[in-house]
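Please examine the structure shown here with attention to its packing and its backbone geometry. The briefing is organised by topic.

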Amino acid sequence: MAAKSSASSAHAKRSRKKDAGASSLISKFLKTPKKAMALALLFVDAILVSLIIAYVPYTKIDWDAYMAQVSGFLGGERNYKNLKGDTGPLVYPAGFLYVYSAIQYVTGGQVFPAQILFGILYIINLGIVLLVYVKTDVLPWWALSLVCLSKRVHSIFVLRLFNDCFAMTLLHAAMASILYQHWHLGLIIFSAAVSIKMNVLLYAPPLLVLMLQAMNISGVISALAGAALVQIVLGLPFLVTYPIEYISQAFNLGRVFIHFWSVNFKFIPEPIFVSKQFAVSLLVVHLVLLTMFAHYKWYKQEGGLFNFLCLRIRSCFSKSSSSWPKILKKEYIATTMFVGNFIGIVCARSLHYQFYSWYFYSLPYLLWRTPFPTLLRSGGVLECVSLKLLFICSTPLSSLSHIVGLMVFITRKSLHE
């Protein structure tokens, strides 16, 4: 009887400990509503994605072309000009082939199991984005829901199966790594994202800005070397066989999309849109804006871009202790990268609707870094989601809205705030 009573007492103690642990966990989540909201959003969106896959018809756009290009690669073809699908020759770097080869192996090239994989990818990407938002602590807890409201982004992931999904998931993972000061790992992941689609390079200028602020010169060089090594290793089968064809096809920065399908600068007449002069003009504007932000915003605390560069050059030859490496604030890292990408989006000549995934997840963050009232901030995201008024300069009014957004960031005292 004594033994029985002792066992019963021990069981009661374990139950009380479990109850106390559960109660502590609940109280902890109540004290951190952003984490609770993020978990709730992941759960709800996972259900929504499942329902979309089950009940919304798949939209055939690029999947067959992807599979045809992958089949050519798996069949032994290494000349990039001969890797073709029904949408034309392959124009993505080698990482794209490895990712979609793996998908073809797992799914047998069938759409439905691929949709399930992309649904999982969507939730992973959303989880990383929510991590960035929670760690930077810019939005109120309820505004986290804004990153889940885009019908088009859901479609891009689970109904269209675009490679933009993998590129942006890796980009967000790279950003999360950098928030935790894992710069070398972040650069490797960033390079992997570039190997799937080159739009990720829009983040390269602000990323370089941050690296020069946070790392010593040897660290910057080694991180860039690691990123370059990723490109070399992934592209090696093509670089040792048909290097010119690979580089010219996979890294063609001069491609022009058909005016009819582009949503960027749709209001520009086609003869001007496709002209080289227009492309050069946008490039000049892009470089000028990046230089302005670097001088007046990103390096403001260091006395401006040119003073900062002089300091870095002198530090390379100085024997005295340097102020590098240093820790950058998480919100400053995210703001700099999102603003840099925003500048690139505004100045990009040719963009298709799936490229919305490059841009959407930064919208709530950027709006909350402005002095606009809360109603206008949330309304700006909802407007973009529902009416697409703000989507990537397709009309003069939306183009003006982006210019206004840039002016707001230019006139801010500091992006460190």
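The points below concern the nonpolar cores, one helix pair, and selected residues around a further helix. The model is predicted. Its largest nonpolar core has 115 residues, and helices α4 and α10 come within 8 Å of each other, axis to axis.

**Nonpolar cores**

- Within the largest nonpolar core, which has 115 residues, those with the most contacts are Y80, L97, Y100, W183 and W298.
- Beyond its neighbours within four places in sequence, Y80 is in contact with L90, Y92, P93, A94 and L97, and also with F238, E245, Y246, Q249 and A250.

**Helices α4 and α10**

- Helix α4 spans residues 94-107 and helix α10 spans residues 217-239; their axes cross at roughly 95 degrees.
- Because angles of 65 to 115 degrees count as roughly perpendicular, α4 is classed as roughly perpendicular to α10.
- On the α4 side the contact is made by A94, G95, L97 and Y98, and on the α10 side by L234, G235, P237 and F238.
- By class, six nonpolar and two polar residues make up this contact of α4 with α10, with no charged residues.
- Three residues of this contact, A94, L97 and F238, are also among the contacts listed for Y80.

**Helix α7: S177**

- S177 is found in helix α7, which covers residues 164-179.
- Residues under 20% relative accessible area count as buried, so S177, at 11%, is buried.
- Not counting residues up to four places away in sequence, S177 touches H182, L185, G186 and I189.

- Most residues other than glycine have a negative phi.
- L161 has a positive phi, near 60 degrees, and is not a glycine.
- This leucine, L161, is placed in the loop between α6 (151-158) and α7, and L161 is buried, with a relative accessible area of 0%.
- Q181 is likewise a residue other than glycine with a positive phi, in this case near 70 degrees.
- The loop that holds Q181 lies between α7 and α8 (183-194).
- Q181 has a relative accessibility of 21% and therefore counts as partly exposed, since the limit for buried is under 20%.

Definitions and conventions: Residues numbered from 1 in each chain as written. Predicted model: local features only at pLDDT ≥ 70, side-chain atom pairs only at ≥ 80, totals over all residues. Heavy atoms only, no water. Core = buried A, V, L, I, M, F, W, Y, C linked by side-chain atoms within 4.5 Å. Buried < 20%, exposed > 50% of the residue type's maximum accessible area, 1.4 Å probe, protein only. Contact = heavy atoms within 4.5 Å. Helix = DSSP H or I, 4+ residues; strand = E, 2+ residues; numbered from the N terminus. Axes fitted to C-alpha atoms, helices over the stretch in contact; angles between N-to-C directions. Parallel < 35°, antiparallel > 145°, perpendicular 65-115°, else oblique. Nonpolar A, V, L, I, M, F, W, Y, C, P; charged D, E, K, R; others polar.
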